[in-house]
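This briefing goes through a protein model topic by topic. Look over the sequence and the structure first, then read the points below beside them.

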Amino acid sequence: MAGETTLTIVGNLTADPELRSTNTGAQVASFTIASTPRTYNRQTQQYEDGTALFLRCSAWNDLARHISQSCSKGMRVIAQGRLSQRSYQAQDGTNRTVVEMTVDEIGPSLRYATAQVTKQGGHNGYQGGGTYGNPNGQPPQQTTPPPASDPWANGGSGHTPDTFAADTGDPEF
């Protein structure tokens with residue numbers, strides 16, 4: 001949606017994601033990502049940690065379920081989503097404001113680890129946008145198949161060196 005603030009954050013999960021269901025049956029995963037800047041101090045010749053940012057996150061439906069099955073406390077992740085701010089009155093009567101991120105995409109960071117991906121549901125894993133990120137949990141009106149040029153449509157890399165070169169215009173690949 002136009003005008004939304006999007007953000008990409010790299011950090012570690014502070015706890016296992018919590019999966020819940022709403023009254024309407026939509027699933028939501030809630031979790032916190034801690035991102036700590038690290039700089040090299042030339043005088044001490046050591047790395048030093050800065051102040052950590054703790055960002056509360058939520059994801060909906062299929063994505064929520066995938067996160068709860070795939071992610072756990074301490075895992076380093078890369079998440080992209082939309083920031084939102086909301087205000088509420090706490091039980092003690094004070095007014096509070098929180099900033100949260102609705103996650104649209106998330107995956108493990110491969111900087112210090114390896115991962116193995118398993119596609120889920122739909123046409124070879126492609127669901128025409130799916131229902132995640134939609135708090136109402138309503139599926140799209142029409143599920144579209146992947147475009148003919150989709151390299152992942154056949155479940156593998158989807159190309160041979162010849163077709164990849166044709167796709168990229170690089171004759172040497």
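At 2% relative accessibility, C57 counts as buried, where buried means under 20% relative accessible area, exposed means over 50%, and partly exposed lies in between, with a 1.4 Å probe and protein chains only. C71 is buried too, with a relative accessible area of 12%. The model is predicted, so local features need pLDDT of at least 70 and side-chain atom pairs count only at pLDDT 80 or more, while totals for chains, interfaces and linings use all residues. Residues are numbered from 1 along each chain as its sequence is written, and side-chain values use heavy atoms, with hydrogens and water left out.

**Overall layout**

- The protein has 2 helices and 8 strands; these are DSSP runs numbered from the N terminus, with helices being H or I of at least four residues and strands being E of at least two.
- Along the sequence, the pattern reads β-β-β-β-β-β-α-β-β-α.
- The protein has 173 residues, of which 24% count as buried.
- Contact means heavy atoms within 4.5 Å. Among contacts between residues at least 6 apart in sequence, 56% join residues at least 24 apart.
- A disulfide is a pair of cysteine sulfur atoms within 2.5 Å, and by this rule the count is 0 disulfides.

**Helix α1**

- Helix α1 covers residues 61-70, and its buried residues are N61, D62, L63, A64 and I67.
- Which elements do the buried residues of α1 pack against? They pack against β2 (18-21), β3, β6 (53-60) and β8 (95-108).
- An α-helix has 3.6 residues a turn, so residues three or four places apart point the same way.
- N61 is found in helix α1 and is buried, with a relative accessible area of 9%.
- The phi of N61 is positive, at about 55°, although N61 is not a glycine.

**Q45, in a loop**

- Q45 also has a positive phi of about 55° without being a glycine.
- Q45 sits in the loop between β4 (38-41) and β5.
- Is Q45 buried or exposed? Q45 counts as exposed, at 60% relative accessibility.

- R20 lies in strand β2 and is partly exposed, with a relative accessible area of 41%.
- Apart from neighbours within four places in sequence, R20 is in contact with A26, Q27, V28 and S30.
- R20 and R65 are 45 residues apart along the chain, and their C-alpha atoms are separated by 9.5 Å.
- R96 lies in strand β8 and is partly exposed, with a relative accessible area of 38%.
- Apart from neighbours within four places in sequence, R96 is in contact with R86, S87, Y88 and A90.
- R96 and R86 are 10 residues apart along the chain, with 8.4 Å between their C-alpha atoms.

**The aromatic pair**

- The structure holds 1 aromatic pair. Rings of Phe, Tyr and Trp (its six-membered ring) pair if their centres lie within 6.5 Å; planes under 30 degrees apart count as stacked, over 60 as edge-to-face and the rest as tilted.
- The ring centres of Y40 and Y47 are 5.1 Å apart and the planes stand at 65°, so this pair is edge-to-face.
- Y40 is partly exposed, with a relative accessible area of 43%, whereas Y47 is exposed, with 54%.

**The second largest pocket**

- The second largest pocket has a volume of about 260 Å³. On a 1 Å grid over the protein atoms alone, a pocket is an open set of points with protein on both sides within 12 Å along at least five of seven lines, unlike a cavity, where a 1.4 Å probe fits but cannot get out; lining residues have an atom within 4 Å of a point. Grid points are joined across faces, edges and corners, and a volume is the space filled by probe spheres set on the points.
- This pocket is lined by 13 residues, and the closest to its centre are T36, P37, R38, R76 and Y112.
- The elements giving two or more residues to the lining are β1 (5-13), β3 (27-35) and β5 (46-49).
- β1 gives the most to this lining, with 3 residues.
- The lining divides into 5 nonpolar, 4 polar and 4 charged residues. Here Ala, Val, Leu, Ile, Met, Phe, Trp, Tyr, Cys and Pro count as nonpolar, Asp, Glu, Lys and Arg as charged, and the others, Gly among them, as polar.
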